[in-house]
Amino acid sequence: MTTPFGSYELTRFPEDPRDQLRAWDAADEYLLRHLDSGTGEHGPVDLAGAGQITILGDRWGALTTALAAYHPTQITDSYLARAGTAGNLDRAGIGTAKSTVRLLTTQDAPPERIDVLLVRVPKSLALLEDQLYRLAPHVHAGTVIVGTGMVKEIHTSTLKLFEKILGPTKTSLAEKKARLIFCTPSATSTRAVDPWPVTYTLDEDAGSGAGLTAVNHAGIFCADRLDVGTRFFLQSIPNNTNGARVVDLGCGNGIVGTAVAVADPRAEIVFTDESYQAVASAKATFRANVQHERERADFLVGDGVAMLDPGSVDLVLCNPPFHSHQATTDATALRMFAQSRKVLRPGGELWVVANRHMGYHTHLRRLFGNSEVAASEPKFVVLRAVKREERPRPM
């Protein structure tokens, strides 16, 4: 990536030479050009004397890496984006150990005072709303606020959020299908209460989740209701896990793992997701439904189950994503399946719910040597794959 601040070799995380998606796009480039040479009332920003710079939602560290000389603070909901940023900083010879850049999550307290706020508009409008509410008390009348995103990511509702929470908002002309957002902090803008997280009770059609309370922080998939795929999954997963070690992989609000814990108090549940918002939701959902303290539950933010020991799990339950930001891809799901096979004990099972058209049964058969349909309906299918005992090859 070539910018007014230098040229950088950037990759997504985890690195995959087969990945054709770049670690930056025209929206990142547009913002960096503007910061260096903006014109009109929204001219260039004196970053050297600007004070505290906060970058919200930087996807793979393109903005953070380019602006590292100005000691920015990055805030992200994504473990993968955070790891990608750290890798790209190291590749550029910067590194976070030198205190050049501060990496925070959406669950951390933001900087006390923000003088420049750069926002990479997220896919989730709810996450943007939540984060703007969290950051609003830390901006001041002189704060420079600039957002960026591709044209298809910036809607009237996006601009209304900036206007409602922070102050008067305008947009730039489009360049290479990207657009900038300019917001002027206003002392008179509405300081309403952040509506997140939200809570609801699952109805009687939610299978093993019926009657449970779901707590949802902003940004998780279907944060204001139970999505149809998870509902079908809850109607299909095993009811008696017999004290097994169970992983709720890509846990979202954690309702699947919580349903297992309620049905089998002896089960050890591991909730894992790459989203800090999701794991916070899972922890809150678990605590809302399990009335006594349990030592048999872990809440982990990371790359799938890469942090777990091989052969340490009996059952993995997974509703995998098939989007990476705006791109449709099965790369994340396939990595989840491969990781699951590694951490499962012989005889351990992977259960997956997915849209039929994803064709995951083919991948599971190739990886596990078997795959069967545990439940199906016109749109969704639940697949079950068993890790077989590996036989030693004859000498």
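This is a predicted model: local features need pLDDT of at least 70, side-chain atom pairs count only at pLDDT 80 or more; totals for chains, interfaces and linings use all residues.
**Basis and confidence**

Residues are numbered from 1 along each chain as its sequence is written. Local features need a pLDDT of at least 70 and side-chain atom pairs count only at pLDDT 80 or more, while totals for chains, interfaces and linings use all residues; side-chain values use heavy atoms, with hydrogens and water left out.

The predictor's confidence in each residue is pLDDT, from 0 to 100. The chain averages 92. At least 70 is reached by 93% of the residues. Residues 323–328 stay under 50. For that stretch the model has 14 contacts beyond four places in sequence, a contact being heavy atoms within 4.5 Å.

Helices (H or I, at least four residues) and strands (E, at least two) are DSSP runs, numbered from the N terminus. Two strands pair if DSSP finds at least two bridges between them.

Seven strands make up an open sheet with mixed pairing. Their order is β14-β13-β12-β15-β18-β20-β19. The edges are β14 (297–301) and β19 (372–376). Each has a single partner strand, so one side of each lacks a neighbour in the sheet. Neighbouring strands are turned by 20 degrees against each other on average, direction ignored. Axes here are lines fitted to C-alpha atoms, for helices over the stretch in contact, and angles run from 0 to 180 degrees between N-to-C directions.

Within this sheet, β12 (residues 245–249) and β13 (residues 268–273) run parallel and are joined by five bridges. Arg245 has Glu268 in β13 as its bridge partner.

Two helices pack on the sheet. Helix α7 (residues 255–263) touches β12, β13 and β15 (313–318). The direction of α7 makes about 175 degrees with that of β13. Helix α9 (residues 331–343) touches β12, β15 and β18 (344–355). The direction of α9 makes about 160 degrees with that of β18.

**An enclosed helix and strand**

Buried means under 20% relative accessible area, exposed over 50%, and partly exposed in between (1.4 Å probe, protein chains only).

Helix α4 (residues 125–135) has nine of its 11 residues buried, so the rest of the structure largely encloses it. Among the buried residues are Leu127, Leu128, Glu129, Asp130 and Tyr133. The cover over the buried residues of α4 includes β3, β4 (73–76), β6 (116–120), α5 (156–165) and α8 (276–289). Ser124 caps the N-terminal end of α4. A side-chain oxygen of Ser124 lies 3.4 Å from the backbone nitrogen of Ala126.

Strand β7 (residues 144–150) has six of its seven residues buried, so β7 too is largely enclosed by the rest of the structure. Five bridges join β7 to β6, and the two run parallel. Arg120 stands opposite Thr148 in β7. The chain crosses from β6 through α4 to β7 in a right-handed β-α-β crossover. Right-handed means that, with the strands pointing away from the viewer, the path from the first strand over the helix to the second runs clockwise.

On β9 (residues 178–183), β7 pairs in the antiparallel sense over six bridges. Thr148 stands opposite Leu180 in β9.

**Gln52, a buried loop residue**

Gln52 sits in the loop between α1 (26–37) and β3 (53–56). Its relative accessibility is 19%, so Gln52 counts as buried. The side chain of Gln52 makes a polar contact with that of Thr54 at 2.6 Å. A polar contact is a pair of N or O atoms within 3.5 Å; within protein, one must be able to donate a hydrogen and the other to accept it, and residues adjacent in sequence count only if both atoms are side-chain atoms. Leaving aside neighbours within four places in sequence, Gln52 contacts Thr73, Pro111, Arg113, Ile114, Asp115 and Val116.

**Backbone exceptions**

| Cis peptide bond | Omega |
|---|---|
| Phe13 and Pro14 | about -5 degrees |
| Trp196 and Pro197 | about 0 degrees |

Pro14 is in the loop between β2 (6–7) and α1. Pro197 lies in the loop between β9 and β10 (198–201).

Positive phi values follow. His71 is not a glycine, yet its phi is about 55 degrees. His71 lies in the loop between α2 (62–66) and β4. At 52% relative accessibility, His71 counts as exposed. Lys176, also not a glycine, has a positive phi of about 50 degrees. Lys176 is in the loop between β8 (169–171) and β9. Lys176 is exposed, with a relative accessible area of 63%.
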